[in-house]
Amino acid sequence: MTAFSDPGDVIEAWDDVILFVDGRGVVVESNDVRLSYLPEMPREGGVFWESLALETNSLETTLKRFPPLQIHEISCCDGRSFLLRIIPVSAMLCPQGGYVVIATDNRPMEALYENYEERLEDNISAWSDSITLFNAFFDTVLDATFLIDEHGAIIAANTAAQTQHAKPEQGLTGEHCKRLLGKRFHPAILNAMHSLEAKDQWTENVVAIDGNGEGFPAEITLRKILFNDYALFQLILHDLTAHVELKEDLQEKRAEVKEKEIALKQVLKTVEENRKEMRDQLTSQVRKQMFPALERITSSDTPEVREGYRNLIEDQLVEMVGDASGEFDSDLLRLSPREMEVCQLIQLGRSGKEVAELLNMSFETVQTHRKNIRKKLGLRGQKTSLFTYLRQKHSLA
């Protein structure tokens, strides 16, 4: 026992109950610390399992129930407990054998645990509320939004992102963000992640890839979020499909308006050409047909013939004014003054003999005039009578 002549130098530095016991389990030395909920103060000369109320009856059963070099929780009265450790002493220090028995009051640890647990629950609750608030904002964003770690792996994606970019029956978590873009944009996003500073952002028009591997136009926005010892990136993909389609529709409408403008110009040009053609035709007809008729009027000695020509010309001019597409009825204008006189009498219902008598000519001459008149009026070989035809010509009346 000489090696432990003064074990207090070691055990007095402890607040726990520290007992040095010999090879039989008898208390040789203690640090005079007592646990208030134990029945009595550990005393020298007593066995440690009784002093600590371990409910065993020998060193052998105690060591079997509470193996050395392990920590055991011992329940006591009033729901209290303490931690028990039994440490064998090296033979170099105590050839006869012995143990150091340590009883640690659990109350400070329990109080610390309760305090820690309470704070942990508060932190968990606050963290849960923060996550709920974050998810509420995250999921209601209409654009596809992702959280990406420093290596480019997707760690979170909102509902819009899952709907638009996830493959059928697969999620996006863990996939590299390059998978969201066309290959030619991969170097650009990697360079942006490497060069972005905190609170900066990178924006560019790209071709994004949907869950079916199809590309569509999009605007990408990348922001860097810096924490104490790591960083995350927020990536937003704004679908520009509707914008591009609207732009294309606008271009198509402009092209359609341009085509209609060209067509309208062509129509106006055609109308102008037609008007010029009609004007030229009208001028030509006036020169070829009206002028000879006017000459016949001036050369005729018979007032009735001159009056007939005048009425005919007036009717033709009225028809031309009323119908821009109309043409001169030039057949009657080709008739000679004598033939006009014959037509006027036939229109009045005179017979051939009556016409001959009134115009002082033979019946045969009247018949010759009738034959020439039918030829000039285009009635030759037709069943229409000259009288019926002339009755329709009000200008002769």
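## The β6–β7 hairpin

β6 and β7 form a hairpin, with five residues between the two strands. In the turn, Gly152 has a positive phi of about 90°. The model is predicted: local features need pLDDT of at least 70, side-chain atom pairs count only at pLDDT 80 or more, and totals for chains, interfaces and linings use all residues. Residues are numbered from 1 along each chain as its sequence is written, and side-chain values use heavy atoms, with hydrogens and water left out.

The two strands run antiparallel and are joined by three bridges. Strands pair if DSSP finds at least two bridges between them. Ile148 has Ile154 of β7 as its bridge partner. Strands here are DSSP runs (E, at least two residues), as are helices (H or I, at least four residues), and they are numbered from the N terminus.

## The largest nonpolar core

The largest nonpolar core has 26 residues. Such a core is a set of buried Ala, Val, Leu, Ile, Met, Phe, Trp, Tyr and Cys residues joined through side-chain atoms within 4.5 Å. Buried means under 20% relative accessible area, exposed means over 50%, and partly exposed lies in between (1.4 Å probe, protein chains only). Phe146, Ile148, Ile189, Ile220, Leu222, Leu235 and Leu237 have the most contacts inside this core. At least two of its residues come from each of β6 (144–148), β7 (154–157), α6 (186–195), β8 (201–209), β9 (215–226) and β10 (231–239). β9 gives the largest share, four residues.

What does Leu237 touch, leaving aside its neighbours within four places in sequence? Its contacts (heavy atoms within 4.5 Å) include Ala144, Phe146, Leu180, Val206 and Ile220. Asp143, His165 and Glu219 are also among them.

Which residues of α6 are buried? They are His186, Ile189, Ala192 and Met193. These residues lie on the same side of α6, because they cover an arc of only 135° around the axis. The arc is that of the directions from the helix axis to the C-beta atoms. An α-helix has 3.6 residues a turn, so residues three or four places apart point the same way.

The buried residues of α6 pack against β6, β8, β9 and β10. The face turned away from them carries the exposed residues Pro187 and His194.

## Salt bridges

The structure holds five salt bridges. Each is a side-chain nitrogen of Lys or Arg within 4 Å of a carboxyl oxygen of Asp or Glu. Arg179 is buried, at 17% relative accessibility. Glu175 is partly exposed, at 22%.

Arg338 and Glu341 meet in a salt bridge of 2.9 Å, N to O. Both lie in α9 (residues 337–347), three residues apart, about one turn of the helix. Arg338 is partly exposed at 34% relative accessibility, whereas Glu341 is buried at 12%. Glu339 and Lys376 also meet through their side chains, at 2.9 Å, N to O. Glu339 lies in α9 and Lys376 in α11 (residues 363–376), so this pair ties together parts that are 37 residues apart in sequence. Glu339 is buried, with a relative accessible area of 5%. Lys376 is partly exposed, at 28% relative accessibility.
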